[in-house]
Amino acid sequence: MLITQIKEKETIVSLVSGKVFIINCQGCKEVSFPVEEAEALQKELAADGKVTGILTTDYICNPENMKLRLAKHQSEIDAADMVLVFSCGVGVQTIAEYLEGKKVCAACDTYALPGYQGVTPLEYDCDQCGECYLNITGGICPLTACSKSLVNGQCGGAKNGRCEVDSNMECGWERIQRRLAQVGRLDVLKCPVQVRNYATDKEV
Ligand code: SF4
Ligand code: SF4
């Protein structure tokens with residue numbers, strides 16, 4: 001099991017800039033999803049006239065299905081300045097990669113619980129750290145894309161874009177910088193140094 005818990009309302013409101021398209025993932029039985037809290041918050045955003053559309057679906061971590069579903073909402077996505085995703089970390093990473101020119105933000109933190117973790121057809125991974133950093137890393141998980149799980153990369157050891165720990169992989173923080181540049185958000189790297197809160201880590 002894993003748990004998705006909505007971030008503080010103030011945090012989400014501070015993320016929302018301009019118009020927003022919202023995606024809810026409610027399909028995976030291994031993930032506890034905060035349906036009522038999400039609906040209440042989304043109603044408030046809609047009442048402020050900020051929402052161009054809402055897609056509530058299942059298994060957003062399946063990219064083939066998501067392409068078809070997102071295509072039906074393309075005009076609403078185009079009308080939005082950003083996409084806010086209520087799902088586990090894998091779902092947010094799927095959407096961020098598919099909508100690579102769009103600002104995509106995570107509305108939830110993902111925590112681990114013991115037991116079956118579900119399946120995903122993707123190579124993306126979420127380490128269920130309990131304090132999702134995807135909003136400052138362009139939708140690429142720094143814990144799983146960086147060999148040292150740095151939340152303040154990069155370490156300086158990369159050579160020709162390859163990780164110093166594992167030369168078979170691209171440096172995760174170079175990928176993050178490239179993605180942020182692509183969506184015009186390099187400024188987020190000027191935010192105060194992130195200190196990882198290990199109290200949220202692993203099983204609750
Ligand atoms: S930062 Fe990575 S490990 Fe932490 S919740 Fe987000 S996707 Fe999962
Ligand atoms: S080279 Fe890049 S991916 Fe490898 S440990 Fe350093 S920052 Fe992380």
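Which residue is the bridge partner of M82 in β6? K103 is. This is a predicted model, in which local features need pLDDT of at least 70, side-chain atom pairs count only at pLDDT 80 or more, and totals for chains, interfaces and linings use all residues. Residues are numbered from 1 along each chain as its sequence is written, while chains are lettered from A and ligands numbered from 1 in the order in which they are written. Helices (H or I, at least four residues) and strands (E, at least two) are DSSP runs, numbered from the N terminus.

**The sheet**

- Four strands form an open sheet in the order β4-β2-β5-β6, with parallel pairing. Two strands pair if DSSP finds at least two bridges between them.
- β4 (51–57) and β6 (103–106) are the edge strands, each pairing on one side only.
- From one strand to the next, the twist averages 20°. Axes are lines fitted to C-alpha atoms, for helices over the stretch in contact, and angles run from 0 to 180 degrees between N-to-C directions.
- Helix α2 (residues 35–47) packs on the sheet and touches β2, β4 and β5. The direction of α2 makes about 160° with that of β4. Two residues are in contact if their C-beta atoms, placed from the backbone, lie within 7 Å.

**Strand pairs**

- β2 and β4 are parallel and share six bridges. I22 has I54 as its bridge partner in β4.
- β2 (residues 20–25) also pairs with β5 (residues 82–86) in the parallel sense, over five bridges. In β5, L84 stands opposite I22 and F86 stands opposite N24.
- β5 and β6 run parallel and are joined by four bridges.

**Burial of the strands**

- A residue is buried if 20 or more other C-beta atoms lie within 10 Å of its own, exposed if 12 or fewer, and partly exposed in between, with C-beta atoms placed from the backbone.
- In a regular strand the side chains alternate between the two faces of the sheet.
- Six of the six residues of β2 are buried. V20, I22 and N24 point one way, and F21, I23 and C25 the other way.
- β6 is covered on both faces. K103 and C105 are buried on one side, V104 and A106 on the other.
- T52 is in strand β4. T52 counts as buried because it has 20 C-beta neighbours inside 10 Å.
- Beyond four places in sequence, T52 touches K19, V20, F21, E76, A79 and A80. T52 and V16 are 36 residues apart along the chain, with their C-alpha atoms separated by 12 Å.

**Core**

- The largest nonpolar core has 48 residues, of which I23, V83, V85 and I95 touch the most other members. Such a core is a set of buried Ala, Val, Leu, Ile, Met, Phe, Trp, Tyr and Cys residues joined through C-beta atoms within 7 Å.
- Not counting residues up to four places away in sequence, I95 touches I23, I60, V83, V85 and V104.
- M66 sits in helix α3 (residues 63–72). M66 counts as buried because 21 C-beta neighbours lie inside 10 Å.
- Leaving aside neighbours within four places in sequence, M66 contacts I60, T94 and Y98. M66 and T94 are 28 residues apart in sequence and 8.8 Å apart in space, C-alpha to C-alpha.

**Ligand shells**

- G89, D109, T110, C126, D127, Q128, C129, C132, Y133, L134, C141 and L143 surround ligand 1. A residue is near a molecule if its C-beta atom, placed from the backbone, lies within 6 Å of it.
- The shell of ligand 1 has seven nonpolar, three polar and two charged residues. Ala, Val, Leu, Ile, Met, Phe, Trp, Tyr, Cys and Pro count as nonpolar, Asp, Glu, Lys and Arg as charged, and the others, Gly among them, as polar.
- Ligand 2 is surrounded by 15 residues, the closest being C146, Q154, C155, C163 and C171. That shell divides into eight nonpolar, five polar and two charged residues.

**Backbone in the loop between α6 and α7**

- Most residues other than glycine have a negative phi, and most peptide bonds are trans.
- Q154 lies in the loop between α6 (142–145) and α7 (172–182). The peptide bond from G153 to Q154 is cis, with omega near -5°.
- S149 is in the loop between α6 and α7, and its phi is positive, near 50°. S149 counts as partly exposed because it has 15 C-beta neighbours inside 10 Å.
- N160 is in the loop between α6 and α7, with a positive phi near 50°. N160 is exposed, with 8 other C-beta atoms within 10 Å.
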